[in-house]
Amino acid sequence: EMCIRDRVSTQSTGSTKPTMPRTVHLAICLILVGLLSFSYSATPSQWKSRAIYQVLTDRFAKTTDTTSGCSNLGNYCGGTFKGLINHLDYISSMGFDAIWISPVVTNTDGGYHGYWAKDFYGINSYFGSSADLKSLVSTAHSKGIYVMVDVVANHVGPVGYSYSSINPFKSSSDYHDCNGCPSSCNIEDWSNQNQVEHCRLSGLPDLNQDSSSVKTTLNNWVRDLVGNYTFDGIRIDTVPEVSKSFWTSFQDTAGVFGIGEVFNGEPTYCGGYQGPLDSVLNYPMYFTLRDVFASKQSMNNIQTRIQQNTAAFSDLSVLGTFVDNHDNSRFLYSQSDQTLYKNALTYVLLSQGIPIVYYGSEQAFHGGNDPNNREVLWPTSFSTSSSLYKHIQTVNAHRKKAQVWNYSQVQRYSTTDFYAFTRGNTFVALTNKGSAGAQVHYTITYHPYADGTKLCNIFYTTDCVYVQNGKFDVYLNNGECKVFYPA
């Protein structure tokens, strides 16, 4: 379009200046088109508005629908890219406008999860073909859904010390040796950063990013993966196991928003990786949310954690906020009260950060440790009538309506069994009393509303309160959470 406008304007002015040769002009246009197509990828700022639904590709949907389960969660169960395409509406109807999918490269035997790379340039045939993956991304984009692909640059699949089957890293020089490592060659002391970066994670061969060829190959690989499939972002596995200097180059070369996995509850440690990467998963807050809602510890812990995170991270607004994922037992495994879970999910979806909800949460999945927390979803027939599905749907709808990402999170009240905050005109009231708990009642005096404002609960729109004399009362019954918004 710019090229056409340029040609028209030149012709209409009657200028006597030399005109650009058509071949040169065409070349410039082609370059511009290439740059525009590559820049489709969303920026960190654009990702702030998104709510992410995390799927394990193998566990979400088969190509042909079935309600049969999976007899062995430790191996492939049959989920595919085509199955995911067929049920994107199930995800978008819940209010999610981004998906995070499993690593897509060809894996060694049994790598249903995607984290055991065998051929970095191949697509996992269990999930489908390269064309299927492109179709998934294009279909998602047509529905307004961003696609984030999981990538692994720390290790390859479990092949021991025989690397000939790994493409393109076939030489022992492509890997760290075991010098300075325990006799097992595995990471055993997680406080020893040199060991964390140079030894093996659970026996998986550890790539040597200090090698210029390995570094260049990985950087080119992620650039091409993103470009070939037009991914909007990357989730990066096993971040502390690789040096920060490598991640800086990897992030820059990828050219898209990156969010890294730093599986650690210390804000200062995690915060050190935001900078080399655009963002990281907010594991410190994850542990706090589990403590507060699953274990019913003091809700003042949220305030403390936010203060710690504010000091440790450069930008809280792009951190990934979550309360479940594929590496930890599900919330409902240790705490069966869905009312408490709804409180936790409401915090995840409306607090500062980019919310991430793990597939199956909406169906009250309650699996324990890996692989039991990686259940197949299709036996639920993708029901949209479950209580948790509807709860998430309601909160996501409000998140978009109020555009809460444009507003900072302001704490309005904090005590042992009650926590409240606002984002703009949205007032979020949470408790960890649980469904059998006594009524919670607090008077709110610190808020952004004028006297006479009518505030109604998004879950029950007839449940309204008025701001009078600079205050209003919040009552939470049977452990419920409420989200108030001006009527």
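1. Let me start with the largest pocket: its lining divides into twelve nonpolar, seven polar and six charged residues. In this scheme Ala, Val, Leu, Ile, Met, Phe, Trp, Tyr, Cys and Pro count as nonpolar, Asp, Glu, Lys and Arg as charged, and the others, Gly among them, as polar. The pocket has a volume of about 570 Å³. Of the 25 residues that line the largest pocket, Leu-201, Asp-237, Thr-238, Glu-261 and Asp-327 are the closest to its centre.

2. A word on what you are looking at. This is a predicted model, in which local features need pLDDT of at least 70 and side-chain atom pairs count only at pLDDT 80 or more, while totals for chains, interfaces and linings use all residues. Residues are numbered from 1 along each chain as its sequence is written, and side-chain values use heavy atoms, with hydrogens and water left out.

3. On a 1 Å grid over the protein atoms alone, a cavity is a set of points where a 1.4 Å probe fits but cannot get out, whereas a pocket is an open set with protein on both sides within 12 Å along at least five of seven lines; lining residues have an atom within 4 Å of a point. Grid points are joined across faces, edges and corners, and a volume is the space filled by probe spheres set on the points.

4. How many cavities of 30 Å³ or more are there? The count comes to one. About 70 Å³ of space lies in the largest cavity. Of the 13 residues that line the largest cavity, Pro-103, Val-105, Gly-114, Val-152 and Trp-221 are the closest to its centre. Strand E4 (117–123), strand E5 (146–151) and helix H9 (212–229) are the elements that give two or more residues to this lining. Helices (H or I, at least four residues) and strands (E, at least two) are DSSP runs, numbered from the N terminus. By class, the lining of the largest cavity has eleven nonpolar residues, one polar and one charged.

5. On to the aromatic rings, where the count comes to 35 aromatic pairs. Rings of Phe, Tyr and Trp (its six-membered ring) pair if their centres lie within 6.5 Å; planes under 30 degrees apart count as stacked, over 60 as edge-to-face and the rest as tilted. The cut-offs here are under 20% relative accessible area for buried, over 50% for exposed, and partly exposed in between (1.4 Å probe, protein chains only). Elsewhere, Tyr-53, Phe-60, Tyr-90, Phe-96, Phe-382 and Tyr-389 form one aromatic cluster.

6. Two charged side chains also deserve a look. The charged end of Arg-50 sits over the ring of Tyr-146, 3.6 Å from its centre. Lys-244 lies over the face of Tyr-273, at 4.9 Å from the ring centre. For this, NZ of Lys or CZ of Arg has to be within 6 Å of the ring centre and within 35 degrees of the ring normal.

7. Next, the cysteines. The structure holds four disulfides, a disulfide being a pair of cysteine sulfur atoms within 2.5 Å. In one of them, the sulfur atoms of Cys-70 and Cys-77 are 2.0 Å apart. That link is left-handed, with -75 degrees about the S-S bond. Cys-70 is partly exposed at 22% relative accessible area, whereas Cys-77 is buried at 9%.

8. Cys-181 and Cys-199 form another disulfide, with sulfur atoms 2.1 Å apart. The pair links distant parts of the chain, 18 residues apart: Cys-181 is in the loop between E5 and helix H8 (193–198), and Cys-199 is in the loop between H8 and H9. This link is left-handed, at -100 degrees about the S-S bond. Cys-181 is buried at 16%, and Cys-199 is buried at 1%.

9. Cys-456 is joined to Cys-464 by a disulfide, S to S 2.0 Å. With 105 degrees about the S-S bond, this link is right-handed. Cys-456 counts as buried at 12%, while Cys-464 counts as partly exposed at 23%. Cys-481, by contrast, is in no disulfide; the nearest cysteine sulfur, that of Cys-456, is 16 Å away. Cys-481 counts as buried, at 7% relative accessibility.
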